[in-house]
Amino acid sequence: MSAIGFDPYTSPEMCMDAYDVSVVSDDEQLLLSKPENRQKFMTALREFTNFYLQG
């Protein structure tokens, strides 16, 4: 979804920020096992990929 190497990292990151997704805690624990964080992550990822799929 990008012509340059930095955008594939920052674009999904911005989408996750918009949905207040927490993937890793301050003490480096993975938070996606928590249902509320996992749901937010899936919603953000769905929105990001749908943007591409819809052209």
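**Exercise 1.** Which helix do the buried residues of α2 pack against?

*Solution.* This is a predicted model, in which local features need pLDDT of at least 70, side-chain atom pairs count only at pLDDT 80 or more, and totals for chains, interfaces and linings use all residues. Residues are numbered from 1 along each chain as its sequence is written, and side-chain values use heavy atoms, with hydrogens and water left out.

Step 1. Helices are DSSP runs of H or I with at least four residues, numbered from the N terminus. Buried stands for under 20% relative accessible area, exposed for over 50%, and partly exposed for what lies in between (1.4 Å probe, protein chains only).

Step 2. In α2, the buried residues are Asn 37, Ala 44 and Phe 48. They lie on the same side of α2, because they cover an arc of only 35 degrees around the axis; the arc is that of the directions from the helix axis to the C-beta atoms.

Step 3. Contact is defined as heavy atoms within 4.5 Å. The buried residues of α2 pack against α1, residues 7–18. On the other side of α2, Pro 35 and Leu 53 are exposed.

Step 4. Seen from α1, the buried residues are Thr 10, Cys 15 and Met 16, and α2 is among the elements that cover them.

**Exercise 2.** Which residues make up the largest nonpolar core?

*Solution.* Step 1. A nonpolar core is a set of buried Ala, Val, Leu, Ile, Met, Phe, Trp, Tyr and Cys residues joined through side-chain atoms within 4.5 Å.

Step 1. The largest such core has five residues: Cys 15, Met 16, Val 21, Ala 44 and Phe 48. At least two of its residues come from each of α1 and α2.

Step 2. Consider Asn 37, which is in helix α2. With 9% relative accessibility, Asn 37 counts as buried. Leaving aside residues up to four places away in sequence, Asn 37 touches Val 21, Ser 22, Leu 31 and Leu 32.

**Exercise 3.** Find the salt bridge and describe its two partners.

*Solution.* Step 1. A salt bridge needs a side-chain nitrogen of Lys or Arg within 4 Å of a carboxyl oxygen of Asp or Glu. The count by this rule is one.

Step 1. The partners are Lys 40 and Asp 20, with their closest N and O atoms 3.6 Å apart. Lys 40 is in helix α2 and Asp 20 in the loop between α1 and α2, 20 residues apart, so the pair links distant parts of the chain.

Step 2. Lys 40 is partly exposed, at 30% relative accessibility, whereas Asp 20 is exposed, at 51%.
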